[in-house]
Amino acid sequence: MSKHVPSWDSVNTPSNVDEQVALVQEFHSYLVRRGYADRTLYLYCSVATHFLRWQHEAGSARHCIDAPSVSRFLFEHVPACCCPHSGSMDFKSMRAALNQLLLMRGENRLRPSIPLASPSIETTVTRFDSYLEQVCGLTAATRWYHRRYARAFLLELCGGTPVDLSRITADALLQFVNDQARRLLPASVGVLAYSLRTFLRFLQLQGHDSTNLIPAVPRSATWSLASLPPSLSAAELKRFWHAFDRHTPAGRRDYAMARCLADLGLRCQEIANLSLDDIDWRSATICLPGNKSRRERQLPLPQLTGGALADYLRHGRPVIPTRTVFVLHRAPVGQAATNTTVRGAIRRAFVRAGLPWSGTHILRHTVAARMVQGGVPLKEVADVLGHRNIDTTLIYTKVNLPHLAHVALPWPGRQP
Ligand SMILES: [Zn+2]
């Protein structure tokens, strides 16, 4: 057995131990192939050992390695774990390790990485998420925001200590919303407040008296088309393109992702989900599959975007059987990139270019502003951006100042 695989102690019955040891060995080989360092190999294998031992002791069926069993382990067993030799109890590492075990078994991993709070907070947030899904029937994207704000609020309220709902007061809610509002856009403050009210309703169903607290969450005033979306000037865009090192595999990947954002106005999630099957090289088009909230759309593949994609696929992307275009270049090598990968690549490029931006939406705004200023009809801009409602696209007409200058009448009495 490799020195990185933790030894299995004698708590298990022999019939199952052999299978579990073989499973941990298989996991170890899998992690080696994905480029993990020795220290991580040991850590992840000891977490897998802990998980399998717990499962065995809980009398679970053999090899029942799926997201629900991993969730039960992380959110029910770990907070109360008294196992001898349980190894690492760092929640984030445990979840990362078990996600890899799930992937090795061909299962879906737990939801994409988000900063984790204490196990007690995570348990509350997980229950809240089940309520959002099963009772409210919300989509994964909406639930993500609700979880995010509920977690942030509980973290602010309880820090690293166990969740104490008696600390939720009208003052605490107001203070939290005001603090967050300083760094959020008005529309995001609205989402935050809505998330908090939903969370309080969930607590009410759980028996916590929060009737008087729900009206205490302030409402934010939002006016449609109130703010101008920022976009990059031609000079800034040039600096941005120079910020990518196109001699390294990861640099080629980041550049191709940036081109998809800035040339096609794709969303981060659409870039992360992009599949080789979505690209039609012969007709130079990209077809983005629709989903529950978005319809399918077909976009022309500009030469520079296509060139960047081809360069990455030929000279940057590892040779792997998966159909996902963009993958990770560090451990776990070959795993599909996520929207966090896309955001991180763009944020780092902005820093290298010395540009004061950090979000990816500015690139979408830039495409839209360029199209509107180039005279492309609003309906077509809406189609490219995947806006269902043309009202959403209207905001870009506000930035069309050079065009407005052409139609403005001269001031009476002023020399033309
Ligand atoms: Zn344990």
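1. Ala-284 sits in the loop between S1 and S2, and in this predicted model Ala-284 has a positive phi of about 50 degrees although it is not a glycine. Most residues other than glycine have a negative phi, which is the reason for drawing attention to this position. With a relative accessibility of 31%, Ala-284 counts as partly exposed, because the buried class ends under 20% and the exposed class begins over 50%.

2. Pro-332 is placed in the loop between helix H12 (303–315) and H13.

3. Turning to the charged side chains, how many salt bridges does the model contain? The count comes to 13, and one of them joins Arg-151 to Glu-122, with the closest N and O atoms 2.8 Å apart. Arg-151 lies in helix H6 and Glu-122 in helix H5 (residues 119–134), so this pair ties together parts that are 29 residues apart in sequence. Both partners are buried, since Arg-151 has a relative accessible area of 7% and Glu-122 has one of 0%, and the cut-off for that class is under 20%.

4. Another salt bridge links Arg-348 with Asp-254, where the closest N and O atoms are 3.9 Å apart; this value deserves a careful look, because the criterion asks for a nitrogen within 4 Å of a carboxyl oxygen. Arg-348 is in helix H13 (residues 339–353) and Asp-254 in helix H10 (residues 249–264), so the contact ties together parts that are 94 residues apart in sequence. Here the two partners fall into separate classes, as Arg-348 is partly exposed at a relative accessible area of 42%, whereas Asp-254 is buried at 8%.

5. Within helix H10, Asp-263 and Arg-259 lie 4 residues apart, about one turn of the helix, and their side chains meet in a salt bridge of 2.7 Å from N to O. Asp-263 is buried with a relative accessible area of 19%, a value that should be read with the cut-off in mind, because buried means under 20%. Arg-259 counts as buried too, at 7% relative accessibility. Elsewhere, salt bridges that share partners join Asp-129, Glu-133, Arg-143 and Arg-147 into one network.

6. Which residues gather in a patch of positive charge on the surface? The patch is formed by Arg-148, Arg-183, Arg-343 and Arg-347. Of these, Arg-148 is placed in helix H6 (residues 140–158) and counts as partly exposed, with a relative accessibility of 35%.

Terms used. Residues numbered from 1 in each chain as written. Predicted model: local features only at pLDDT ≥ 70, side-chain atom pairs only at ≥ 80, totals over all residues. Heavy atoms only, no water. Patch = residues over 30% accessible without salt bridge, like charges linked within 9 Å, V, L, I, M, F, W, Y side chains within 5 Å. Areas by Shrake-Rupley, 256 points an atom, 1.4 Å probe, with all protein chains shown as cover. Lys, Arg positive; Asp, Glu negative; His and termini not counted. Charge placed at Lys NZ, Arg CZ, Asp CG, Glu CD. Helix = DSSP H or I, 4+ residues; strand = E, 2+ residues; numbered from the N terminus. Buried < 20%, exposed > 50% of the residue type's maximum accessible area, 1.4 Å probe, protein only.
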